[in-house]
Amino acid sequence: MEQLPRTRYSQEFREQSVKFFKESGLILVEAAKRLSLPKGTLKNWVYADRQGELTTVGKKQSSLTELELELSRIKRELAEVKMERDFIKKCAAYFARESR
């Protein structure tokens, strides 16, 4: 499976996510799920915050060009269409078996 470009998060979102994790009392995996973040991403932010380096996270990332954004959108759309196609194939096979 092809990997999509990394998502760019704002500094404010990073700070609010770390604050939510600290104040919620949730385990990291559950907090990440509620924030719709990969658990490794939140873990990195929490670690960076403990080191006093949260403000430097993501500074080295270049912003995406319009072409990269479009490619990312098309890849997501393609993955969704493939899932729908596979579901339809399974349904067709199921109903073909049932009609025999």
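**Aromatic pairs and the helical core**

A search of the whole structure finds four aromatic pairs, where rings of Phe, Tyr and Trp (its six-membered ring) pair if their centres lie within 6.5 Å, and planes under 30 degrees apart count as stacked, over 60 as edge-to-face and the rest as tilted. In one of these, the ring centres of tyrosine 9 and tryptophan 45 are 5.1 Å apart and the planes stand at 85 degrees, so the pair is edge-to-face. This pair links distant parts of the chain, with tyrosine 9 in the segment before α1 and tryptophan 45 in helix α3, 36 residues apart. The model is predicted, so that local features need pLDDT of at least 70 and side-chain atom pairs count only at pLDDT 80 or more, whereas totals for chains, interfaces and linings use all residues. Residues are numbered from 1 along each chain as its sequence is written, and side-chain values use heavy atoms, with hydrogens and water left out.

Tryptophan 45 is buried, with a relative accessible area of 4%, and tyrosine 9 is partly exposed at 22%; buried means under 20% relative accessible area, exposed over 50% and partly exposed in between (1.4 Å probe, protein chains only). The rings of phenylalanine 13 and tryptophan 45 also form an edge-to-face pair, with centres 6.0 Å apart and planes at 85 degrees. Here phenylalanine 13 in helix α1 is joined to tryptophan 45 in helix α3, 32 residues apart, so that distant parts of the chain are again linked. Phenylalanine 13 counts as partly exposed, at 29% relative accessibility. Through such ring pairs, Tyr9, Phe13 and Trp45 are linked into a cluster.

The protein contains four helices and zero strands, and follows the pattern α-α-α-α along the sequence; helices (H or I, at least four residues) and strands (E, at least two) are DSSP runs, numbered from the N terminus. Of its 100 residues, 14% count as buried. The largest nonpolar core has ten residues, namely Val18, Phe21, Ala31, Ala32, Leu37, Leu42, Trp45, Val46, Ala48 and Leu54, a nonpolar core being a set of buried Ala, Val, Leu, Ile, Met, Phe, Trp, Tyr and Cys residues joined through side-chain atoms within 4.5 Å. Two or more residues of this core come from each of α1 (11–24), α2 (28–34) and α3 (39–50), and α3 gives the most, with four. Leucine 37 is in contact (heavy atoms within 4.5 Å) with Tyr9, Phe13, Ser17, Ala32, Leu42 and Trp45, its neighbours within four places in sequence being left aside.

Helix α1 has 14 residues and reaches 20 Å from its first C-alpha to its last, close to the 20 Å expected at 1.5 Å a residue, where the expected span is 1.5 Å times one less than the number of residues. Its buried residues are Arg14, Ser17, Val18 and Phe21. These residues cover an arc of only 95 degrees around the axis, which puts them on the same side of α1; the arc is that of the directions from the helix axis to the C-beta atoms. The buried residues of α1 pack against α2 and α3, whereas Glu12 and Glu23 are exposed on the other side of α1.

Just after α1, glycine 25 takes a positive phi of about 80 degrees. Serine 36, a residue other than glycine, likewise has a positive phi, near 55 degrees, and lies in the loop between α2 and α3. Serine 36 is exposed, with a relative accessible area of 64%.
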